[in-house]
Number of protein chains: 2
Amino acid sequence: MNMKPAKKKRLVSRGWVVGSAKEFLGLSDDEAAFIELKLALAHSLKERRLKQRMTQSQLAKRLESSQSRVAKVEAGDRTVSLDLLVRSLLAVGMTRREIAKVIAGGTRTRAA
Amino acid sequence: MNMKPAKKKRLVSRGWVVGSAKEFLGLSDDEAAFIELKLALAHSLKERRLKQRMTQSQLAKRLESSQSRVAKVEAGDRTVSLDLLVRSLLAVGMTRREIAKVIAGGTRTRAA
DNA sequence: TGTTGGCATGCCCGAACTGACATATGGTTC
DNA sequence: GAACCATATGTCAGTTCGGGCATGCCAACA
């Protein structure tokens, strides 16, 4: 990722609170949009995986990755790239259209 | 990115021909979907930047990156991550919804 | 209680990505 | 042609990310 003023942000991406992020930190709109986007995808990944009754280990195998990394992906860990995130989504069977839907879901703040 | 059997693929991502990729190479469906996705985004980035009458150097400044890297992003260079690609799209003013549209655009083979 | 299974966390270090620079190509204007 | 601008391409040192292992946590259950 490498975002120059990578100061505080480090804390955020794994502090949750979906619909905010930039509120209590000096994030630019783009930066905020970006991490919220990742969190939204991470969340839908876990949802989808469970719906498929798949374990993290099984998914890891498909990705030629490891259980621990899958856990980090779902947790929205800052060391996880969008690349791996999206490839994971494809691996649990999501189509481009479905992924797009999650991304568009956008400025929605809470699930329930 | 790091895709285990990163064999030939190297050639593809910068060989273009939008609607194919996996056709003449042994790519899995997911792998193919993934790089086509990146190419679609890369293409719409250039389109959008030009529409904004912005130069690569200007965009690079916003991203705190360099002109040469922006060029690679738009070219769909294999050394460019989805992260940078998406952050670039946000930097040229695209909304999540617009990005989603490009992604959903999906299995379309040719433009005109 | 001991065991098993699924998930989370920390770490290492090799692989991939990044910014920056140098340089090349192509177009425009004088 | 020279000067200038936007873009393309190659390279590389420094940073980030990746797989995988070790380990911790917790719930289920016999």
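Predicted model: local features only at pLDDT ≥ 70, side-chain atom pairs only at ≥ 80, totals over all residues.
View 1. Residues are numbered from 1 along each chain as its sequence is written, while chains are lettered from A and ligands numbered from 1 in the order in which they are written.

View 2. The same surface serves both copies: 100% of the contact residues of chain A recur in chain B. Residues are in contact if their C-beta atoms, placed from the backbone, lie within 7 Å.

**View 3. The contact between chain A and chain B.** Chain A gives 21 residues to the contact and chain B gives 22 residues. On the chain A side, α2, α5 (82-91) and α6 (96-104) each supply at least two residues. Helices are DSSP runs (H or I, at least four residues), numbered from the N terminus. The side of chain A that touches chain B has 12 nonpolar, two polar and seven charged residues. Here Ala, Val, Leu, Ile, Met, Phe, Trp, Tyr, Cys and Pro count as nonpolar, Asp, Glu, Lys and Arg as charged, and the others, Gly among them, as polar.

**View 4. Helix α2 of chain A against helix α5 of chain B.** Helix α2(A) (residues 29-51) and helix α5(B) (residues 82-91) pack at an angle of about 135°, their axes 10 Å apart. Axes are lines fitted to C-alpha atoms over the stretch in contact, and angles run from 0 to 180 degrees between N-to-C directions. That makes α2(A) oblique to α5(B). Angles under 35 degrees count as roughly parallel, over 145 as roughly antiparallel, 65 to 115 as roughly perpendicular and the rest as oblique. From α2(A), A:Asp30, A:Ala33 and A:Phe34 meet B:Val86, B:Arg87, B:Leu90 and B:Ala91 in α5(B). Five of these residues are nonpolar, none polar and two charged.

**View 5. Helices α3 and α5 within chain A.** Helix α3(A) (residues 56-63) packs on α5(A) at an angle of about 105°, with the axes 10 Å apart. That makes the two helices roughly perpendicular. A:Leu59, A:Arg62 and A:Leu63 of α3(A) touch A:Arg87, A:Ser88 and A:Ala91 of α5(A).

Technical notes. Contact = placed C-beta atoms within 7 Å.
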